[in-house]
Amino acid sequence: MSSTPEITFPRHVVIIGAGAVGLMSAIHALDQGLQVTLLDFNEPGSEEASSYGNAGWLSSHSVIPPVEPGMWKKVPGYLMDPIGPLSIRWRYLPRLAPWLLRNLASARRERIRSTARALRTLVVDARTLHHEIASRAGVGHLIDTSGVLHVYRSRQQFEGDAFGWGVRRELGIQWTELEGEALRQREPDLDPAFGFAVQVDEAGHCKNPGAYMQALQVYALARGAHCIKGAATGFRVEQGRLKAVVTAQGEIACDAAVISAGARSKVLAAQAGDHVQLESERGYHAVISGHAQEARARTPMMVSEFKVIATQMETGLRIAGQVEFASFEAAPDWRRGEIMRDIALKLFPGLPRELPSSDVRFWLGRRPSTPDGMPCIGAATASSDIIHAYGHGHIGLGCSARTGRIVGQLLAGQAPEIDLAPFSPQRF
């Protein structure tokens, strides 16, 4: 990695990608006195952006990577079941293989523990950090700080996840158990077949991620940021110093850049001298609107059995989750959206069995995922003027507030507030 150059102000930074991480980075760069240009081919809050359609969780306890010991035994099943909770399209397997092998190798108990320790430093206080920024942007009401649930059919099923919850306990994460009637009182519309849950009070959620992203953009622009619609294709670096971000329309002269383009960041990372392992981990959601009187989730809930999260958004009941590995450009398999809808009907029997198509909307997003479950944050090899900030996988929204703070610190030449060694873009 190149040595850290002397930093002079004012400094112009181009932030590539106006999703949650990019917008948070923009706000914190403005706080540091930098000139900011946001570069993205989507509008913030656009339905095309992954930040739009996530489950909205701000979960400071989401520290367990999405792998488990012995997971390699399940790969044949993933290939055979195109609509299972985790599926791999056959044609994509050769391209996915290096990522998948490293992912499976990380599914060891001690490796998971070390990953959890690192992720905890990034996600801790997520709801507090988000509420602070949202309040500054005038949308503090979008951040709910009343906790989340993990729902199981029984205590025995919960104990099947003992390893993950034990790791959380080692990190000081606490929870409250709800069983039987206590859970019924908390979630009267939930199928009574689910009789056990744990409530994590330190977590929160965003009630409308799309509106949140739009508000952050408005706030950044009001403070002097500029926004350009387009796509970055590379960088012009001279003697280790960044001179410009290259786009199809020409160069944008600048002193610094942030790669925060989500699942599209891999090519830009290579242009910055770092060959990272990053895949597009596709997730779907279904939003059921207009039926809050029949059934709703009073508390956002993770249902491990189905690998989904149910969140009551301003726009309706959102069921989001599961995983599909396919190329970025592959056509959506909307059967997976229908599965989300059908899971909602299983979880909340009060919903009409025949939902009008006008009451259900499906969506596909692409999570930027690394094989070890940790993001890439830090300076690029080609120039320390280029900062990596992507790869947060399932916890991008929750991590974005602290990641943005760290990016601001790096851009200003300050020591980051947490140890970034585990998140090094050069670790691959």
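This briefing describes the strand pairing, helix packing and salt bridges of one structure. The model is predicted. An open sheet of six strands is present, with mixed pairing, and helix H12 (residues 396–411) packs on this sheet. An open sheet of three strands has antiparallel pairing. The structure also holds 21 salt bridges.

**The six-stranded sheet**

- The strands of this open sheet follow the order E10-E2-E1-E14-E21-E20, and their pairing is mixed.
- Strand E10 (226–229) and strand E20 (376–379) stand at the edges; each has a single partner strand, so one side of each is left without a neighbour in the sheet.
- From one strand to the next, the twist averages 20°.
- Strand E1 (residues 12–16) and strand E2 (residues 35–40) run parallel and are joined by five bridges.
- Within this pair, His 12 stands opposite Gln 35 in E2.
- Helix H12 (residues 396–411) packs on the sheet and touches E1, strand E14 (256–259), E20 and strand E21 (386–390).
- The direction of H12 makes about 175° with that of E21.
- E20 and E21 run antiparallel, with four bridges joining them.
- Gly 378 has His 388 in E21 opposite to it.

**The three-stranded sheet**

- In this open sheet the strand order is E3-E9-E5, with antiparallel pairing.
- Strand E3 (57–58) and strand E5 (143–144) are the edge strands, and each pairs on one side only.
- Two bridges link E3 with strand E9 (residues 204–206), and the two strands run antiparallel.
- Leu 58 stands opposite Gly 204 in E9.

- Strand E12 (residues 241–247) and strand E13 (residues 250–253) run antiparallel and are joined by four bridges.
- Thr 247 has Gly 250 in E13 as its bridge partner.
- The hairpin that joins E12 to E13 passes through two residues.

**Packing of H1 with H9**

- Helix H1 (residues 20–31) packs with helix H9 (residues 209–222) at an angle of about 25°, and their axes are 10 Å apart.
- That angle makes H1 roughly parallel to H9, because angles under 35 degrees count as roughly parallel.
- The crossing of H1 and H9 is left-handed.
- H1 contributes Ala 20, Leu 23, Met 24, Ile 27 and Leu 30 to the contact, while H9 contributes Tyr 212, Met 213, Leu 216, Gln 217, Tyr 219 and Ala 220.
- By class, this contact of H1 with H9 comprises ten nonpolar residues, one polar residue and no charged residues.

**Packing of H1 with H12**

- The axes of H1 and H12 come within 7 Å and cross at roughly 35°.
- The crossing of H1 and H12 is right-handed.
- On the H1 side, the contact involves Ala 20, Val 21, Met 24, Ser 25, His 28 and Ala 29.
- On the H12 side, the residues met are Gly 396, Leu 397, Ser 400, Ala 401, Thr 403, Gly 404, Arg 405, Val 407, Gly 408 and Leu 411.
- The residues of the contact of H1 with H12 divide into eight nonpolar, seven polar and one charged.
- Ala 20 and Met 24 of H1 take part in the contact with H9 and also in the contact with H12.

**Packing of H4 with H7**

- Helix H4 (residues 109–123) and helix H7 (residues 162–170) pack at an angle of about 45°, with 10 Å between their axes.
- H4 is therefore oblique to H7.
- The crossing of H4 and H7 is right-handed.
- Arg 109, Ile 112, Arg 113 and Ala 116 in H4 meet Phe 163, Val 167 and Glu 170 in H7.
- This contact of H4 with H7 has four nonpolar, no polar and three charged residues.

**Salt bridges**

- Side chains of opposite charge can pair when their charged atoms come close.
- One of the 21 salt bridges in the structure is formed by the side chains of Glu 305 and Arg 153, at 2.6 Å from N to O.
- This pair links distant parts of the chain, 152 residues apart.
- Glu 305 lies in the loop between strand E16 (301–303) and strand E17 (308–313).
- Arg 153 lies in the loop between strand E6 (148–152) and helix H6 (155–159).

Technical notes
Residues are numbered from 1 along each chain as its sequence is written. This is a predicted model: local features need pLDDT of at least 70, side-chain atom pairs count only at pLDDT 80 or more; totals for chains, interfaces and linings use all residues. Side-chain values use heavy atoms; hydrogens and water are left out. Two strands pair if DSSP finds at least two bridges between them. Axes are lines fitted to C-alpha atoms, for helices over the stretch in contact, and angles run from 0 to 180 degrees between N-to-C directions. Contact means heavy atoms within 4.5 Å. Angles under 35 degrees count as roughly parallel, over 145 as roughly antiparallel, 65 to 115 as roughly perpendicular and the rest as oblique. A crossing is left-handed if the near helix is turned anticlockwise from the far one by less than a right angle, and right-handed if clockwise. Ala, Val, Leu, Ile, Met, Phe, Trp, Tyr, Cys and Pro count as nonpolar, Asp, Glu, Lys and Arg as charged, and the others, Gly among them, as polar. A salt bridge is a side-chain nitrogen of Lys or Arg within 4 Å of a carboxyl oxygen of Asp or Glu.
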